[in-house]
Amino acid sequence: MTSSLVKVLHRMQELFHNLVAALESALFGETSSRRQRSVYGHGRKRRRSLDELAQEVDRLFNAHLDIQNMLAMSARIKDQLRSCLQSNPSCMLPSYNHALPTGKETGTFLALDVGGSTFRVALIELSGREHGMKIVSSTSMVIDEDVKALQGTDFFDWMAERIDKFLTGVDAKYGREEAPLSIGLSWSFPVDQTSASSGNIQGMGKGFRCSDSVLGQELGGLIVSSCQKRSLNVRMDAIVNDSSATLLTRAYVDPKTRMSLILGTGTNAAVHFPVHEIGLAKFGARPPGWFDRAKHVIINTELSMFGGDFQPLEYMITGRYLGEIVRLIIVEAVETASLFGGDLPHSMKEPYSLDTAIVAFIEGDTSPSLAPSAALLQKNHTFSATPTVEDLKFIKHVCKCVSNRSAGYLSTAIYSMWCLRNEAEFPVGSMTEAVKKIEPQEVTVTELEQPTKTLSIACDGSVINKYPGFRDRCQSYLDILTRESADAGTQAEDNPSITLELAHESAIFGAAVAVAIAVTERESLILSR
């Protein structure tokens with residue numbers, strides 16, 4: 001075995017142990033080692049009843065979610081966010097999207113969504129803010145292991161073949177007229193963006209071999225080139241990531257939208273932020289005239305890496321880890337409180353063997369006997385005996401505690417971003433080495449008539465949109481936090497507020513909105529010459 005491979009294996013082992021330590025700390029606090037609470041059976045375990053353990057879980061997960069603790073955690077996260085606005089190359093990244101939709105953009109646009117397991121192609125019709133948007137036609141293809149194995153331009157040729165087949169099925173003229181057909185792309189992989197419509201490919205990961213031989217090449221150009229091989233006349237007009245696409249989707253129909261949130265397997269957030277409050281080093285090279293037009297810019301926060309207790313939020317709030325946290329508590333309960341009669345299903349001993357979708361189902365089960373939950377557990381894991389109602393009630397209680405803490409921590413992070421934005425929009429004074437720029441030209445940049453702290457947050461992702469009661473709990477926490485920040489003596493109806501709003505199909509809709517903005521801006525610039 002080569003020395004480099006040995007180093008990689010040691011690093012993987014170190015990362016795994018760090019993750020386990022973070023999860024154990026999340027479950028049982030910093031005193032876990034002193035209380036001999038390893039979930040892997042090291043040390044002698046104190047015996048207790050399920051009720052006693054349920055009370056302890058409730059205390060550990062919920063007791064610290066009082067308003068003062070949440071405000072203190074918010075202040076720490078806000079400080080992290082602010083410091084990263086200056087030079088950190090890994091987060092708080094300004095995109096090239098400075099314009100939000102006016103809601104007056106109309107037309108039919110081709111949108112592409114390339115994710116880790118699916119490729120979607122859709123024609124999206126934008127009908128204005130009052131009438132919204134709709135999918136005229138769409139198709140979805142599974143990206144299986146054979147497709148992931150395609151290297152270099154072969155992957156983009158595969159995409160072009162599907163685009164060609166889709167357009168032909170809708171109308172033979174699409175993509176074959178004299179004027180190029182505008183494309184918007186939602187790309188769920190790393191890209192070093194060089195403009196709103198171009199970017200250099202970085203390692204894709206997730207089993208994709210495509211980037212191996214085209215690393216550093218321009219993404220939009222590769223897609224257009226593959227389409228040209230099939231005589232398609234197309235132009236890449238917009239490339240967006242998931243959080244930007246979500247913000248643009250909701251902003252098209254709701255002019256108060258200034259932030260977005262993705263919460264599913266992972267998490268991320270975007271915020272429309274004043275350019276002058278961002279460190280100049282963060283922008284890199286920008287196209288000529290970009291700063292002349294940009295008063296604000298959509299920032300990709302990479303929210304998952306921030307945290308209030310020296311643990312990334314990703315471990316605490318995302319679908320990737322919620323099921324695992326519940327599983328770890330179940331392991332503890334089997335060993336110390338005779339859950340399942342003290343017999344843990346063998347399959348449940350494996351890390352990440354309890355899917356968050358199962359956790360969500362159990363929490364949403366309102367039947368008195370919880371029989372549907374028992375059936376789902378037995379479908380996925382082999383039990384020596386059917387879980388009792390007492391077992392199921394304990395697990396449901398654990399699910400509620402874990403998801404409630406997740407909602408509390410997420411709301412605290414959102415509140416941190418909201419406070420940071422307010423300080424930038426309504427500054428008392430700024431110490432930032434900021435971008436020097438002239439007033440923006442009249443393009444499609446949209447601003448509220450009067451700056452306001454009241455805003456909407458566009459939400460997408462399986463956890464925030466589908467987990468029973470999760471978004472409502474987040475909204476309740478945000479209502480409490482924003483009330484605390486209200487000025488004394490202010491009437492309740494005048495207090496600033498944050499509203500979480502769903503943004504369904506945001507990847508595909510956001511790509512279309514981004515194209516519409518780009519086309520409108522290009523036409524405006526041509527007319528102004």
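How many helices and strands does the protein chain have? There are 16 helices and 13 strands, and keep in mind that this is a predicted model. Buried residues account for 52% of the 529 residues in the chain. Here's a quick tour, from the overall picture through the cores to the charged side chains.

**The chain overall**

- Take the contacts between residues at least 6 apart in sequence: 75% of them join residues at least 24 apart.

**Nonpolar cores**

- As general background, nonpolar side chains tend to be buried together in soluble globular proteins.
- The largest nonpolar core here has 90 residues, and the members touching the most other members are Ile 330, Phe 394 and Leu 410.
- Helix α13 (residues 389-425) supplies the largest share of this core, with 18 residues.
- Apart from that core sits another one, of 36 residues, including Phe 156, Ile 163, Met 204 and Ile 239.
- Back to Leu 410: leaving out residues up to four places away in sequence, Leu 410 touches Leu 261, Leu 263, Leu 303, Ile 317, Ile 464, Phe 470 and Cys 474.

**Arg 286, a buried charge without a partner**

- Look for Arg 286 in the loop between β10 (267-274) and α8 (290-293).
- Arg 286 is buried but has no salt bridge. The nearest side chain of opposite charge belongs to Asp 192, and that is 8.5 Å away, whereas a salt bridge needs the nitrogen and oxygen within 4 Å.
- What does the side chain of Arg 286 reach instead? Backbone oxygens: that of Ser 95 at 2.6 Å and that of Pro 94 at 3.1 Å.
- Not counting residues up to four places away in sequence, Arg 286 touches Tyr 96 and Phe 291 as well as Pro 94 and Ser 95.

**Salt bridges**

- The count of salt bridges comes to 21.
- Arg 473 pairs with Glu 363, with the closest N and O atoms 2.8 Å apart. Arg 473 is in helix α15 (residues 470-485) and Glu 363 in helix α11 (residues 356-364), so this pair ties together parts that are 110 residues apart in sequence.
- Arg 473 is buried, at 17% relative accessible area, and Glu 363 is buried too, at 10%.
- Glu 501 and Arg 250 form a salt bridge through their side chains, at 3.8 Å from N to O. They come from distant parts of the chain, 251 residues apart: Glu 501 from strand β13 (residues 498-502) and Arg 250 from helix α7 (residues 242-253).
- Glu 501 is partly exposed, with a relative accessible area of 23%.
- Lys 148 and Glu 145 make a local pair, both in helix α4 (residues 145-148) and 3 residues apart, about one turn of the helix. Their closest N and O atoms are 3.9 Å apart.
- Is Lys 148 buried or exposed? Lys 148 counts as buried because its relative accessibility is 12%, under the 20% cut-off. Glu 145, on the other hand, is exposed at 56%.
- There's also a network of salt bridges linking Lys 78, Asp 79, Arg 82 and Glu 423.

**Glu 335 and Arg 48**

- Glu 335 has its place in helix α10 (residues 319-337) and is partly exposed, with a relative accessible area of 29%.
- Glu 335 and Arg 48 are 287 residues apart along the chain, with 9.9 Å between their C-alpha atoms.

Terms used. Residues numbered from 1 in each chain as written. Predicted model: local features only at pLDDT ≥ 70, side-chain atom pairs only at ≥ 80, totals over all residues. Heavy atoms only, no water. Helix = DSSP H or I, 4+ residues; strand = E, 2+ residues; numbered from the N terminus. Buried < 20%, exposed > 50% of the residue type's maximum accessible area, 1.4 Å probe, protein only. Lys, Arg positive; Asp, Glu negative; His and termini not counted. Polar contact = N/O pair within 3.5 Å; in protein donor to acceptor, adjacent residues only side chain to side chain. Contact = heavy atoms within 4.5 Å. Core = buried A, V, L, I, M, F, W, Y, C linked by side-chain atoms within 4.5 Å.
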